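Biologist: Before I rely on the words used for this model, I would like to hear what stands behind each of them. Could we take the terms in turn?

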Amino acid sequence: MHKEKKVIQSIFIIAFTLAIVGFTLTQSLFRDSETSDTSTFVVGTLDMEVLGPGGKAAETIEVLNVGSSGVVSGGKTWVIKNVGTLPGELTMGIESLSNNENGCNEPESLVDSSCENPGTGQGEFGAVVATQVFIQDGNHPDPIISSDLSSAAVDQYALQWHANAGTINIPAGGSLEVSLQWSTEAQNFENEIQSDSVIFDVIFDLQQVLI
Ligand SMILES: [Ca+2]
Ligand SMILES: [Ca+2]
Ligand SMILES: [Ca+2]
């Protein structure tokens with residue numbers, strides 16, 4: 001039987017917010033925030049200044065009109081700078097992950113029975129997106145994290161960072177590059193992911209190293 005031709009004219013959105021949280025010697029929490037304009041999640045580098053008393057940075061990123069053919073992929077590199085006067089230990093994770101459905105169009109509704117709008121948790125896109133996280137410090141050639149973006153990814157990020165990164169210290173005035181790459185392949189999905197989106201927060205947390 002002839003398989004129905006895929007119609008992928010959807011808008012995939014990967015939006016994420018970056019948060020950097022720092023602690024002083026007394027463990028009090030500084031919260032200050034800045035938000036950048038929405039940017040396309042293709043390839044880019046962002047300098048993020050991490051505390052002294054400094055803050056939390058937020059970024060929303062979107063992927064638009066991808067998937068019309070072949071492999072779709074992208075990535076982002078962050079330069080995490082410790083602009084404080086004390087060393088810190090870095091951890092990375094994701095939170096508030098939501099696979100949204102955004103309704104089903106006609107071809108999608110033939111293969112997808114959960115079609116609400118926004119349909120939080122009903123989207124199928126994140127499950128077919130593969131992500132990898134790398135630390136560019138010369139000591140970690142292999143990915144620290146390899147996970148899809150289904151709801152289990154929040155736990156996977158936490159577990160794998162803990163297991164694979166070890167202790168990542170950034171000295172006062174130092175910086176470190178962390179990158180996240182993502183990809184999905186057309187053979188991994190059918191029309192069920194049309195108009196679906198995945199949204200999550202990427203959290204970088206710099207904890208004071210007690211010396
Ligand atoms: Ca669905
Ligand atoms: Ca869907
Ligand atoms: Ca949809």
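**Terms and the values behind them**

Biologist: Why is Gly121 called partly exposed?

Modeller: A residue is buried if 20 or more other C-beta atoms lie within 10 Å of its own, exposed if 12 or fewer, and partly exposed in between. Gly121 has 13 C-beta neighbours inside 10 Å and therefore counts as partly exposed. Gly121 belongs to the loop between α1 (106-109) and β10 (130-136), and its C-alpha is 7.3 Å from that of Glu101, although 20 residues separate the two in sequence.

Biologist: Why does Ser96 count as exposed, and why does Asn102 count as buried?

Modeller: Ser96, in strand β9, has 12 C-beta neighbours inside 10 Å and so counts as exposed. Asn102, in the loop between β9 and α1, has 22 such neighbours and so counts as buried.

Biologist: What is the phi of Ser96 and of Asn102?

Modeller: Most residues other than glycine have a negative phi, and most peptide bonds are trans. Ser96, although not a glycine, has a positive phi of about 50 degrees, and Asn102, also not a glycine, has a positive phi of about 60 degrees. The peptide bond from Asn117 to Pro118 is cis, with omega near 5 degrees, and Pro118 lies in the loop between α1 and β10.

Biologist: How many residues does helix α2 have, and what span is expected of it?

Modeller: Helices (H or I, at least four residues) and strands (E, at least two) are DSSP runs, numbered from the N terminus. Helix α2 (residues 153-164) has twelve residues. The expected span of a helix is 1.5 Å times one less than its number of residues, and α2 reaches 16 Å from its first C-alpha to its last, close to the 16 Å expected.

Biologist: Which residues of α2 are buried, and why are they placed on the same side?

Modeller: The buried residues of α2 are Ala153, Tyr157 and Trp161. They cover an arc of only 70 degrees around the axis, taken from the directions from the helix axis to the C-beta atoms, and this puts them on the same side of α2. They pack against β9 (88-100) and β11 (145-148), whereas the face turned away from the buried side carries the exposed residues Asp155, His162 and Ala163.

Biologist: How many bridges join β8 to β13, and how many join β10 to β13?

Modeller: Two strands pair if DSSP finds at least two bridges between them. Strand β8 (residues 72-82) is joined to strand β13 (residues 175-184) by ten bridges, and β10 is joined to β13 by seven, so both count as pairs under that rule. Both pairs run antiparallel. Ile80 has Leu176 as its bridge partner in β13, and Phe134 stands opposite Ser179 in β13.

Biologist: How many residues has the largest nonpolar core, and which have the most contacts inside it?

Modeller: A nonpolar core is a set of buried Ala, Val, Leu, Ile, Met, Phe, Trp, Tyr and Cys residues joined through C-beta atoms within 7 Å. The largest has 30 residues, and Leu90 and Met92 have the most contacts inside it. Its largest share, seven residues, comes from β14. Beyond four places in sequence, the contacts of Leu90 include Ile80, Leu176 and Phe204.

Biologist: Where does the pLDDT stay under 50?

Modeller: pLDDT is the predictor's confidence in each residue, from 0 to 100, and it stays under 50 over residues 6-13. It is also below 50 over residues 51-56. The mean for the protein chain is 72, and 66% of its residues reach 70 or more. Where pLDDT is low, the predicted coordinates should not be read in detail.

Conventions:
Residues are numbered from 1 along each chain as its sequence is written. Chains are lettered from A and ligands numbered from 1 in the order in which they are written. This is a predicted model: local features need pLDDT of at least 70, side-chain atom pairs count only at pLDDT 80 or more; totals for chains, interfaces and linings use all residues. Two residues are in contact if their C-beta atoms, placed from the backbone, lie within 7 Å.
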